[in-house]
Amino acid sequence: MRHAAWLIAASLLLCFAGPAPSVRAGQQPQGQPIGEVVANLAAGRVVIAVVRGGIVIAALENRIEPGTRPPQIVPLAGRRAGILLGAVQWMNLTSGEELARLSNELPHLRSTATDGGPSLQPGGPQVSSELEVVGLGVLERLRAVAENLHGELHLAPEEPIVELVLVGYDPEYGAEAWLLCYSITQRALSDDFWQTTVMRPSYTRLWPPEKGQPKDLVEVRYPPEDAGPSVEEMLRADDKRLATARATDAANGKAATLFANGESLKASVNDATQFLRAAFAGIAPPNAGEAIAVLDYETGFDWIVQPPPEKKPRQSGAPTLQKPL
């Protein structure tokens with residue numbers, strides 16, 4: 001199955017009329033070819049530890065192609081954060097113009113057309129929620145970017161172009177995490193001209209677990225079919241890659257045991273952060289970027305490990321390992 005890593009970044013010659021983020025969609029002449037459009041991907045694993053006093057968010061890069069970066073952790077208003085995976089930066093490869101950068105735009109992507117979906121706030125599914133406001137705001141932005149992609153993209157059914165993890169804390173309701181997946185459909189209007197539509201996101205609740213279920217680590221991968229065990233599975237199997245992380249000191253060992261036993265709420269923010277830093281050191285691919293942040297229930301968002309600097313955009317004619325269509 002062709003996964004989304006080669007979704008747009010396969011150097012398709014696309015007819016793209018979408019503007020840069022600072023311009024409203026539709027202000028440029030429709031159907032005007034501007035060259036090759038590529039998407040730089042955020043790929044890898046996101047590990048979320050809901051612990052005593054806060055939420056630890058850790059992102060580790062899986063460099064599946066040139067230009068890949070770690071999953072993008074974005075602080076949002078209040079005690080909330082978003083993590084973006086998939087096609088996070090869209091560019092005109094010929095001119096170098098940036099058409100969209102979702103990590104910069106996410107704090108401002110809010111829709112007024114909500115209809116009461118799953119919620120980061122108490123009140124039930126019939127109440128318009130912050131989750132839906134953000135989720136539909138991202139949908140509207142993706143539709144504005146993708147509506148003039150007219151080349152066939154060869155995606156598997158329901159394969160996401162973007163994944164968004166939304167994490168939040170409400171003093172009355174507690175911690176909550178949701179996974180939003182955005183897929184696309186295409187309809188052939190002629191032999192070589194396709195209409196591209198980004199579908200409404202699917203919503204999957206990651207936290208809290210069902211009543212009576214263990215309080216496990218939450219882990220999300222992109223691409224979704226990325227093989228290999230999760231951090232929690234490695235802990236339970238006594239995987240040798242985590243041996244150093246467990247043995248570094250007593251705090252690491254205690255946090256590892258709590259995570260392996262599904263008792264994350266008993267771990268402290270400091271112990272969880274220290275353990276995940278050590279765990280990433282044991283499992284990270286060579287030269288992989290990482291980022292770790294804490295959403296403290298009292299003080300809010302704070303970086304523990306800042307994300308690596310942005311890589312320079314790929315230039316036209318640069319070497320690539322991407323599969324041809």
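Reader: Which residue is the bridge partner of Val46 in S11?

Author: Val220 is the partner of Val46 there. Bear in mind that this is a predicted model.

Reader: What makes S2 and S11 a strand pair?

Author: A pair needs at least two bridges, and S2 (residues 44-51) and S11 (residues 218-222) have five, in the antiparallel sense. So they count as paired.

Reader: And what makes S2 and S3 a pair?

Author: The cut-off is again at least two bridges, and S2 and S3 (residues 54-61) have eight, also antiparallel; Val50, for one, sits opposite Ile55 in S3. These two strands form a hairpin with two residues between them, and Gly53 in the turn has a positive phi of about 95°.

Reader: How do you know that S2 is largely enclosed by the rest of the structure?

Author: Eight of its eight residues are buried, so the strand is largely enclosed.

Reader: Why is the pair of Tyr169 and Tyr297 called stacked?

Author: Stacked asks for planes under 30 degrees apart and centres within 6.5 Å. Tyr169 and Tyr297 come in at 10° and 3.7 Å, so stacked it is. The two are 128 residues apart, with Tyr169 in strand S7 and Tyr297 in the loop between S12 and S13.

Reader: Why does Tyr169 count as partly exposed, and Tyr297 as buried?

Author: Buried means under 20%. Tyr297 has 14%, so it is buried, whereas Tyr169 has 22% and therefore counts as partly exposed.

Reader: Why is the pair of Phe259 and Phe275 called tilted?

Author: Their planes meet at 50°, with centres 5.9 Å apart.

Technical notes
Residues are numbered from 1 along each chain as its sequence is written. This is a predicted model: local features need pLDDT of at least 70, side-chain atom pairs count only at pLDDT 80 or more; totals for chains, interfaces and linings use all residues. Side-chain values use heavy atoms; hydrogens and water are left out. Buried means under 20% relative accessible area, exposed over 50%, partly exposed in between (1.4 Å probe, protein chains only). Helices (H or I, at least four residues) and strands (E, at least two) are DSSP runs, numbered from the N terminus. Rings of Phe, Tyr and Trp (its six-membered ring) pair if their centres lie within 6.5 Å; planes under 30 degrees apart count as stacked, over 60 as edge-to-face and the rest as tilted.
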